[in-house]
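Please keep the sequence and the structure in view while reading.

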Amino acid sequence: MNQAIRDYFRCPEDVVDFQLAGKLSADPGYFRFGPETICYGDSSSGVRRKQVMGALYDALNDVTTDGGTVHLPFDPDEIIETLRREHYWTHRQRGPTRLGERPAVWNLYYHLRPFLSVSVRKHLQRAHLSDWKEIRFPKWPLDRTVEDLLERLLVLSMKARGMHRVPFVWFWPDGATNCALMTHDVEDLAGRDFCSQLMDLDDSVGIKASFQIVPEERYPVSDTFLEEIRVRGFEINVHDLNHDGRLFADYGQFLRRAERINAYGREYGALGFRSGALYRNQAWYGALEFSYDMSVPSVAHLDPQRGGCCSQMPFFIGKILELPLTTIQDYSLFHIVNDYSADLWKQQIDAITDKHGLVSFLVHPDYIVDKRARAIYQVLLERLAWMRDERKTWIALPREVDRWWRERSKLEVVSDGGGWRVEGKGKERARLAFAVLVGDKLAFTIEEPN
Ligand SMILES: [Zn+2]
């Protein structure tokens with residue numbers, strides 16, 4: 001009941017005490033927790049719906065307190081796990097099957113894909129994804145249901161205990177107010193051949209990125225190519241095995257492929273993985289020998305596999321750290337939404353950084369060879385450089401974020417005379433912070449180092 005909130009804030013143990021009120025239903029569904037937060041899972045009060053439609057039952061009305069204990073009509077650990085692992089999507093009652101969710105159709109598409117131009121592909125994909133505007137949950141183009149829920153739970157706990165402020169380990173190192181990372185999936189030969197120029201572009205504003213390389217079938221991967229990425233201070237990750245859209249189609253085959261993927265990871269010295277087209281099955285991640293994964297979008301309306309982890313912060317899937325993709329991909333922006341501007345990216349940056357989250361980007365070298373697209377990418381880069389210089393954004397390689405989040409996950413806030421301090425390995429970069437109650441919301445303050 002208390003684990004998810006403790007893991008997220010790294011606050012002292014005795015700050016929260018949640019207890020389950022009543023008996024959980026055995027028919028998971030959607031309900032509300034306050035006016036804006038939608039949950040999915042089992043609860044012990046009211047009704048749950050199979051789809052997000054009409055007025056959902058608000059379980060916030062059933063919360064009671066008793067001393068410092070908050071009695072909840074659900075288990076927050078279970079609800080948050082259900083959202084992060086996208087079970088709400090796989091559990092859902094299936095309506096008429098969408099074209100692309102029929103394996104035979106999708107196989108045919110992938111078989112033909114190499115012979116189709118972007119202009120043909122984008123029409124097929126637009127038709128396939130045409131209903132995306134009608135999906136009510138998660139919320140496009142941004143969803144941070146998990147963090148909203150965690151913050152609301154802390155508010156309830158603070159009120160129950162009459163606390164005005166709670167110490168915790170700040171989310172990012174060195175007092176950065178938020179974090180951004182840039183990634184480049186290399187899809188085809190044209191993309192591979194553009195990587196040098198793309199590194200020049202990134203370097204022109206002092207930003208280092210990670211390159212996700214497809215090890216088999218797409219293009220030759222030479223040692224010289226990999227070495228250039230490494231020597232220039234960029235990062236290498238494994239991108240699928242052969243990117244045929246079938247990685248998660250069958251468990252036996254997945255295990256065989258995972259062995260090869262792991263071997264490429266060792267060969268490349270790669271700590272991170274991303275699947276082709278963001279296909280994923282988090283229940284199988286135990287077979288991947290990587291420190292982190294980047295295949296789970298926070299909102300997946302425009303991806304072939306829908307759903308999303310409803311989160312704008314890193315989280316653990318077993319031993320693997322997930323760095324969710326929190327912004328729209330270049331391909332979707334240009335070819336599905338048909339928007340040749342950086343406006344949506346800027347909107348996402350502002351909303352995510354405003355809440356101190358992780359802004360992660362996926363821009364393919366393949367799709368910015370084109371001058372018009374490249375100019376928009378440059379606008380994005382300049383915006384990120386401005387965020388770093390003026391807004392204390394930490395622009396990091398994924399492996400640096402992975403390392404920090406792992407260190408933070410072991411740090412503790414301990415009482416120190418009349419105050420508090422952060423204890424544990426990596427504490428030098430950590431900052432003590434306070435969650436302060438302002439009405440029904442939280443404000444955060446970061447302490448300066450002594
Ligand atoms: Zn790809």
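A residue is called buried when its relative accessible area is under 20%, and exposed when it is over 50%. By that cut-off, five of the five residues of strand 14 (residues 358–362) are buried, and the strand is mostly covered. The model is a predicted one. The protein chain holds 13 helices and 19 strands.

**Overall build**

- The protein chain has a radius of gyration of 22 Å, close to the 22 Å that the globule rule gives for 450 residues, so it is as compact as a globular protein of that length.
- Along the principal axes, the C-alpha atoms of the protein chain fill a box of roughly 65 × 55 × 40 Å.
- Of the 450 residues in the protein chain, 57% are buried.
- The protein chain has an accessible surface of about 19,100 Å², and carbon and sulfur atoms contribute 50% of this.
- Among contacts in the protein chain with a separation of 6 or more, 71% are between residues 24 or more positions apart.

**Domains**

- The protein chain is divided into domain 1, covering 1–163, and domain 2, covering 173–404.
- The centres of domain 1 and domain 2, taken over C-alpha atoms, are 24 Å apart.
- In the contact between them, 33 residues come from domain 1 and 42 residues from domain 2.

- Strand 7 (residues 178–186) pairs with strand 14 in the parallel sense, over five bridges.
- Within this pair, A180 stands opposite V359 of strand 14.

**The sheet 1-5-4**

- Three strands in the order 1-5-4 make up an open sheet with mixed pairing.
- Strand 1 (18–20) and strand 4 (64–66) each have a single partner strand and stand at the edges, so one side of each is left without a neighbour in the sheet.
- On average, neighbouring strands of this sheet are turned by 30 degrees against each other, direction ignored.
- Strand 4 and strand 5 (residues 69–72) run antiparallel and are joined by three bridges.
- T64 has H71 of strand 5 as its bridge partner.
- Helix 6 (residues 145–161) lies across strand 1, strand 4 and strand 5, and runs at about 135 degrees to strand 5.

**The sheet 6-18-19**

- Another open sheet consists of three strands in the order 6-18-19, with antiparallel pairing.
- Its edge strands, strand 6 and strand 19 (441–446), each pair on one side only.
- From one strand to the next, the twist averages 30 degrees.
- Four of the five residues of strand 6 (residues 165–169) are buried, so this strand is largely enclosed by the rest of the structure.
- Five bridges link strand 6 to strand 18 (residues 432–438) in the antiparallel sense, with V166 opposite A435 of strand 18.
- Strand 18 and strand 19 also run antiparallel and are joined by six bridges.
- The bridge partner of A433 is I446 in strand 19.

Definitions and conventions: Residues are numbered from 1 along each chain as its sequence is written. This is a predicted model: local features need pLDDT of at least 70, side-chain atom pairs count only at pLDDT 80 or more; totals for chains, interfaces and linings use all residues. Side-chain values use heavy atoms; hydrogens and water are left out. Two strands pair if DSSP finds at least two bridges between them. Helices (H or I, at least four residues) and strands (E, at least two) are DSSP runs, numbered from the N terminus. Axes are lines fitted to C-alpha atoms, for helices over the stretch in contact, and angles run from 0 to 180 degrees between N-to-C directions. Contact means heavy atoms within 4.5 Å. Buried means under 20% relative accessible area, exposed over 50%, partly exposed in between (1.4 Å probe, protein chains only). The radius of gyration is taken over C-alpha atoms; the globule rule is 2.2 Å times the number of residues to the power 0.38. Accessible areas come from the Shrake-Rupley method with a 1.4 Å probe; for residues, only the protein chains shown count as cover. Domain bounds come from an automatic or database domain assignment.
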